Amino acid sequence: MNLDFYFAQPAWLWGLLLPWILLFIPQGQRQKRLQQRFKPYADPHLLPFLLSLPPTENTPKTRQPIDKTWLLLWSLGILAMAGLRWDYYEVELFQPSADVVLVFDLSHSMDATDVKPSRIARARQEVDDILKNSQGINIGLVAFASLAQVITPITEDFTSIDHLLPSLKSDLSRLQGSALLPALAKAQTLLQNRSAENSHNIILITDGEFSEASHDLYPVIRSLKQANIKLHILGMGTEKGSTLPSHDDKAQFLIHDGERVISQLQTQKLQQLAKKNGGLYQTADYLDHDSQRLLATIKANAPTIRNRENP
């Protein structure tokens with residue numbers, strides 16, 4: 001803490017001189033003009049009394065003193081406009097140095113209940129954990145199923161993401177599917193428009209049941225690495241898997257070829273994708289250790305940009 005005082009707008013202090021300038025401005029010009037006009041009607045030494053003006057010429061020149069109350073109010077007003085400050089602190093402002101795009105899987109397989117209450121509900125909780133621990137990080141959100149859509153651009157204000165998070169459900173997409181490539185392309189576009197000084201990252205939140213084969217994804221994963229974009233993956237579900245609820249009111253479970261469809265977490269597939277890019281893979285759990293580890297890795301690889309300012 002610094003006990004010295006200073007003025008935020010010191011130019012206003014010139015206003016303190018105004019009363020004194022007005023005090024010493026010659027006032028005889030107006031008196032002389034009036035006296036010339038009424039000179040034919042009265043003797044010169046009587047004119048000041050006739051016109052109720054301060055004496056001039058043959059009478060002593062006197063000035064009315066500046067009203068002390070007015071002078072005090074004027075001075076206080078000028079000091080207020082000048083912005084008197086004291087007891088200030090030096091604050092280090094940390095500019096966000098990492099950009100992250102969350103790529104959120106909205107495909108039907110995320111409705112599986114092998115983690116409670118469901119994979120997609122757990123995924124929303126993971127996003128909430130990430131937002132709560134993302135000081136110094138800018139975050140955007142892309143959701144995908146058969147199509148990919150930018151939900152929010154990259155920002156350090158997470159209000160819009162918090163507001164939209166409860167609406168992220170698998171029935172948002174009319175056409176079922178899990179096309180990852182368009183989602184990664186949109187995430188890459190968002191990151192390429194950001195500052196080159198920041199680190200660029202993607203956190204893919206998924207169970208790994210994509211419509212594309214792994215060999216179709218590898219070239220894109222390598223291109224992200226060449227663009228200095230890290231791909232981290234948060235796996236949702238279990239390797240044991242579970243049945244999928246049906247969106248059709250006539251059936252309780254999703255049926256294919258007369259059998260219930262079992263959806264499983266593709267752990268090995270997701271680990272390989274992260275490894276190809278040099279990113280980190282984590283299986284989601286009910287604590288926040290998984291998201292904290294991802295964020296710690298992102299922050300460790302991000303440059304630190306500090307701006308010191310005096311308020």
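Q: Among contacts in the chain between residues at least 6 apart in sequence, what percentage join residues at least 24 apart?
A: Keep in mind that this is a predicted model. Take the contacts between residues at least 6 apart, and the share that joins residues at least 24 apart is 76%.

Q: How much of the chain counts as buried?
A: The accessible surface of the chain comes to about 18600 Å², and 55% of that belongs to carbon and sulfur atoms. To count as buried, a residue needs under 20% relative accessible area. Of the 311 residues, the share that passes this test is 40%.

Q: Which face-forming residues of helix α8 are buried?
A: Helix α8 covers residues 214-226, and its 13 residues reach 19 Å from first C-alpha to last, close to the 18 Å expected. Seen down the axis, its buried residues fall within an arc of 125°, so they line one face of the helix. Here's the general idea: an α-helix has 3.6 residues a turn, so residues three or four places apart point the same way. The buried ones in α8 are Leu217, Tyr218, Ile221 and Leu224.

Q: Where are the two partners of the salt bridge between Asp99 and Arg194?
A: Their side chains meet at 3.3 Å, N to O. Asp99 is buried, with a relative accessible area of 0%, while Arg194 counts as partly exposed at 29%. The pair links parts of the chain 95 residues apart: Asp99 is in strand β4, and Arg194 is in the loop between α7 and β7.

Q: How many residues apart in sequence are the parts tied together by Arg119 and Asp207?
A: Arg119 and Asp207 form a salt bridge, with their closest N and O atoms 2.9 Å apart. Both residues are buried. Arg119 lies in helix α5 and Asp207 in the loop between β7 and α8, so the pair ties together parts whose separation in sequence is 88 residues.

Q: About how many helical turns separate Arg122 and Glu126?
A: These two side chains meet in a salt bridge at 2.8 Å, N to O, and both residues are buried. They are four residues apart in helix α5, so their separation is about one helical turn.

Q: Which residues do salt bridges that share partners join into one network?
A: The structure holds five salt bridges. Some of them share partners, and the network they make joins Asp114, Arg119 and Asp207.

Q: Which residues form the nonpolar patch on the surface?
A: One member, Leu18, is found in helix α1. Leu18 is partly exposed, with a relative accessible area of 36%. Together the patch has about 430 Å² of accessible area, and its members are Trp14, Leu17, Leu18 and Ile21.

Definitions and conventions:
Residues are numbered from 1 along each chain as its sequence is written. This is a predicted model: local features need pLDDT of at least 70, side-chain atom pairs count only at pLDDT 80 or more; totals for chains, interfaces and linings use all residues. Side-chain values use heavy atoms; hydrogens and water are left out. Patches are made of residues with over 30% relative accessible area and no salt bridge: like charges are joined within 9 Å, nonpolar side chains (Val, Leu, Ile, Met, Phe, Trp, Tyr) within 5 Å. Accessible areas come from the Shrake-Rupley method with a 1.4 Å probe; for residues, only the protein chains shown count as cover. A salt bridge is a side-chain nitrogen of Lys or Arg within 4 Å of a carboxyl oxygen of Asp or Glu. Helices (H or I, at least four residues) and strands (E, at least two) are DSSP runs, numbered from the N terminus. Buried means under 20% relative accessible area, exposed over 50%, partly exposed in between (1.4 Å probe, protein chains only). The expected span of a helix is 1.5 Å times one less than its number of residues. The arc is that of the directions from the helix axis to the C-beta atoms. Contact means heavy atoms within 4.5 Å.
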